[in-house]
Amino acid sequence: RNYDEYPFFSYLDDNKKSHNWAVYFQDEYTILNGLILNAGIRYDYNKFIGSMTSPRLALIYNPFQRTTLKFIYGTSFRAPSICDLFYDDMYWYKANSHLKPETIKSYELVYEQQLWKRNKFILTGYYNSIGKIIGEWDDPSDGRTQSVNRERVEVKGLEAMLQGTVDPGIKGSISYTFSDARDKDTKRTLVNSPRHMLKLGLIIPLLKDRLFSGLETQYLSKRK
């Protein structure tokens, strides 16, 4: 509901009900000694957008005892919200019941190296293709704002992480991420999308296996 109290004026009074459900299947198969295929598929049904099918798979290879290589592929979606679909106050904002869900295809190559007993180095390269991103648009015919499926986006990136544990259970991590997110059509860098990110994390046990104190610091480079 959206209304003025005094003098009373109703802009919106609506009540929608929805339901959604999903099922998924996942299995793991050893192709060769040290080579594993992990695959799954998920089916979602949403009352307002219909059905979506999302396959995912990973090839996991251990060429050496302390080394793991992974290729990961997955798809997913984000359904438009009830506000995106049906919010209409008859003045400034209008509904769009024809919105499609945002979709993403994700590809990752991962290199994991156990350095010594409780320390690990992880290097990940990734590519994401995102379609039908939901954004706002001002309709010139009436000047009202509406949610629409607009951009197609691609994101390329590389992440390096070092994790470690030292006695008595102190855990630390440091990671650096480079990410390049652009509109597929215009090639423009996305708003609020930093290229560089540095993260530092530290966890210290106060009571063994019961109480911990943690600190995380993030540095983000400049962005639009």
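## An exposed loop residue

Asn 192 is exposed, with a relative accessible area of 51%. The cut-off for exposed is over 50%. In this predicted model, Asn 192 is found in the loop between β13 and β14.

Lys 132 is partly exposed, at 43% relative accessible area.

## The ten-stranded sheet

Ten strands build an open sheet. Their order is β3-β4-β5-β6-β8-β9-β12-β13-β14-β15, and the pairing is antiparallel.

Strand β13 (residues 170-183) and strand β14 (residues 196-207) are antiparallel and share eight bridges. Ser 173 stands opposite Gly 201 in β14.

Strand β12 (residues 153-166) holds Thr 165. Thr 165 is buried, at 18% relative accessible area, because the cut-off for buried is under 20%. Leaving aside residues up to four places away in sequence, Thr 165 touches Arg 118, Asn 119, Ile 170 and Lys 171.

## Strand β11 and its partners

Strand β11 (residues 145-149) is mostly covered. Four of its five residues are buried. Which way does strand β7 run against β11, parallel or antiparallel? Strand β7 (residues 93-94) and β11 run parallel, joined by two bridges. Lys 94 stands opposite Gln 146 in β11.

Strand β10 (residues 134-138) pairs with β11 in the antiparallel sense, over five bridges. Here Glu 136 stands opposite Ser 147 in β11. β10 and β11 form a hairpin, with six residues between them. In the turn, Gly 143 has a positive phi of about 75 degrees.

## Aromatic rings

The model has twelve aromatic pairs. One of them joins Phe 48 and Phe 86 edge-to-face. Their centres are 4.9 Å apart, with 70 degrees between the planes. What does this pair tie together? Phe 48 lies in the loop between β4 (35-46) and β5 (50-64), and Phe 86 lies in helix α1 (residues 82-86), so the pair links parts that are 38 residues apart in sequence.

Phe 48 is partly exposed, at 23% relative accessibility. Phe 86 is buried, at 19% relative accessible area. Phe 86 also has a charged residue over its face: Lys 16, at 4.8 Å from the ring centre. Elsewhere, ring pairs link Phe 9, Tyr 11, Tyr 91 and Trp 92 into a cluster.

## Cis peptide bonds

The peptide bond from Tyr 6 to Pro 7 is cis, with omega near -5 degrees. Pro 7 is in the loop between β1 (2-4) and β2 (9-12).

The bond from Asp 167 to Pro 168 is cis as well, with omega near 5 degrees. Where is Pro 168 placed? Pro 168 sits in the loop between β12 and β13.

Notes: Residues numbered from 1 in each chain as written. Predicted model: local features only at pLDDT ≥ 70, side-chain atom pairs only at ≥ 80, totals over all residues. Heavy atoms only, no water. Buried < 20%, exposed > 50% of the residue type's maximum accessible area, 1.4 Å probe, protein only. Pairing = 2+ DSSP bridges. Contact = heavy atoms within 4.5 Å. Phe/Tyr/Trp six-rings, centres within 6.5 Å; stacked < 30°, edge-to-face > 60°. Lys NZ or Arg CZ within 6 Å of the ring centre and 35° of its normal.
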